[in-house]
Amino acid sequence: MKIKADYANAPQWKDLTVKSSLPEQLKCLDEIAHNMWWVWNYEARDLFRDLDPEIYHDVKHNPVMLLERLSFARKEEILKDKSLMKRVKDVYAMFRKYMDVKPDSKRPSVAYFCMEYGIHSALKIYSGGLGMLAGDYVKEASDSNVDMCAVGFLYRFGYFTQSLSMDGQQIANYETQNFGSLPIERELDKDGNPLVIDVPYTNYQVHAYVWRVNVGRVKLYLLDTDNEMNSDFDKPITHALYGGDWENRLKQEILLGIGGMLLLKKLGIKKDVYHCNEGHAALCNLQRLCDYIEEGLTFNQALELVRASGLYTVHTPVPAGHDYFEEGLFGKYMGGYPQKLGISWDEFIGMGRTNPDDKGEKFCMSTFACNTCQEVNGVSWLHGEVSKKMFAPIWNGYFPEENHVGYVTNGVHFPTWCATEWRRVYAKYFDAKHMSDQSNEDIWHGIYNCPDEEIWATRQALKAKLFEYIKEQFRETWLKNQGDPSRVVKLLEQFNPNALVIGFCRRFATYKRAHLLFTDEARLSKIVNDPEHPVIFLFAGKAHPADGAGQGLIKKIYEISQRPEFLGKIIFLEDYDFLLARRLVSGVDIWMNTPTRPLEASGTSGEKAEMNGVVNLSVKDGWWLEGYREGAGWALTEKRTYQNQGYQDQLDAATIYGLLENEIIPLYYNKDKKGLSKGWIKVVKNSIAQIAPHYTMKRQLDDYYSKFYEKQAKRFKELSKNDNRLTKDIAQWKEAVAERWDAINVVSCEWDFPATGAEAGQKYTLKYVINEQGLDDAIGLEKVNVCLDKDGNEKVFSVEPLKMTGHEGNNYTFEAELTPRQFGQYKSAVRMYPKNKNLPHRQDFCYVKWIELPSF
């Protein structure tokens, strides 16, 4: 026989972790490195940096990798450096003092679910605003010492890193994360083996490892399916954030919701409130329903408990931004759940439809979240109003302004996003209790005691720091991508730290309108090329790989930035990540935001800028509609002048040019003999004193507790008492009302309203007799009055309740003495609804029957 030239089977690779050893005196550094507390405590960051500045830079500020790469010789040097060892001891003492505080048992406990968390660039499990918000939230939960845990995914590739080709085309690079070098720890079972969560998918299981991120005092649990126990079809579930097709997206959401609850169950974790941060996590409520039913409750009883302890936060202002799944695909994975719940398939899938009986409607995770959570909220006041309209079809019988959707305006984690230089300024001029009372505007007014020279010097120092960071980080990239080295040298020479620097840095979605500044390029060229008043615009941001229009915007801006008149004046900084964001929000002079109204749900980058004396120039949308104060920034009106978006864009662009030319640039460059712009410094001080205190994550967390967590935990506790007695009573009452609802009828009605029209101020009596079909005072009546708003839409201007004044058998009498106050013509009708003092709000049991008013 002929011997083969080569013969080898495929290698069976297995991940092994080998850690470098640290001397006993330095082992405390490994403990700190594996707790993200270092992210927002500059004393710890500075310490890690000084262990070896070159390695610290190379590992992009990841202290776990830093400690791995420290040479034996360097470790010996550190041990002999008394000053450095004292800092090690002091920082560890700070860390332990922080960690040894027990959670506040007086506040409700919370389980928080989200697809992404932006804690630090070392841990690539985030893409943008939603993740940054969630990361800030768990950090503040730690600082506020609340009992919270969080659930998410450990992505093998995370979100992409961005580079640009020579012609400005975005290139998405997916880099593998080495889990062994991340600031995370593997969760182990009681026998010391890796904890595995078995998640049911149709007729098989997906097996997920569990990793733990210690975020201060809060534990963030991350599920990971990229392991040898799973098939090649299921390993990619946690490969990429928002990656793959709709089937993979559904599999991700099953893992987050159902797998997340199975994870908590396996760890023995029970919380008072379960918070779905976006609809991706909605299926956690499905698993909770199954758990309660398995314990012996009926579906309706289980739903009462799940709803009472469920909160859904929506972050998108348009229906198209939610996840919808075809019935066939949804049934492929979820077909076995109706049997577990004791309901039909149509009833189950109807929970994710606006119209449950419409078999052509897709299953929407957000709708399912609304139907399984007692409370729903948007992320700014305006977004709350938009969400009321967006979700109104779920609760037929009520106008958008009447439904229960609330809001909590987003904030930012102050210690993470406030530059060290500003934290030192604030420590000098603010009350000592500032960190524990961040929302107290009176404390922030201490900035008015800070000398103008110190404000200006701090701002200039951070701007210089930004430019040095840009030169250091981007020189090599620009030389590689731009072809002509002389252009790069010229670009770097154009950097002028004395220029007015304006930042536009955010996700490149078309509604963000990054193109707005380039509407009149000749006018823009004149603005940036004034030698006496130099202006630089810095752009940064990623477009989703599937968003061709967003990528086109990046390409257009890059092309413009390469033209001679804009070189060094318009600059695009690629790969907008956590580290670059920290430099930008503290280093520019103005933070610009120009979204299409009202598509900015909240936005938080401008809030980060506020913490650093960076002034906002933005459309009054999202948080800035609430945040804007005259004399503390600049705003474009929230009102539309044109329905045609092209015309509106032109008007907004002209407004921005006018503000720059006539107000902003002259104010910045109106400097005294010391080189200070007193007027600009006044705006900075006003911005810090009047706006910043209202947009911290401390305020946001406190709002969630006061508006939602506390009342939900209290109600859940009442429902759970005495073997869920009240839960069972409410479920039984709802079943009785639902069974008899269609049979409830009007026996008689009277109204002495004149056929020729009433006079304002006169009293008129309205009376109904209703046959409640054996229900005991279970309904209410109210007269609803609507008029047309300026856009021609019906809106409620008053609701007048009728009082139950007596009953004979099943017949209940309702009366009201009404006094018209509204002049002119409007519409009125009487609404009948179920009435029970134990309901949290009307939409909890959304049965409505409209009754005609009596004929004149």
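Start with the cysteines: the structure holds 0 disulfides, a disulfide being a pair of cysteine sulfur atoms within 2.5 Å. Select Cys 505, which is in no disulfide; the nearest cysteine sulfur belongs to Cys 418, 18 Å away. Cys 505 counts as buried because its relative accessibility is 1%, where buried means under 20% relative accessible area and exposed over 50%, with partly exposed in between (1.4 Å probe, protein chains only). Next select Cys 787, buried at 18% relative accessibility.

This is a predicted model, in which local features need pLDDT of at least 70 and side-chain atom pairs count only at pLDDT 80 or more, while totals for chains, interfaces and linings use all residues. Residues are numbered from 1 along each chain as its sequence is written, and side-chain values use heavy atoms, with hydrogens and water left out.

H6 has 18 residues and reaches 26 Å from its first C-alpha to its last, close to the 26 Å expected at 1.5 Å a residue; the expected span is 1.5 Å times one less than the number of residues. Select Leu 84, Met 85, Val 88, Val 91, Phe 95 and Tyr 98, which are buried. Look down the axis of H6: these buried residues fall within an arc of 145°, so they line one face of the helix. The arc is that of the directions from the helix axis to the C-beta atoms. Turn to the face away from the buried side for the exposed residues Lys 82, Ser 83, Lys 86, Lys 89 and Lys 97.

Definitions and conventions. Helix = DSSP H or I, 4+ residues; strand = E, 2+ residues; numbered from the N terminus.
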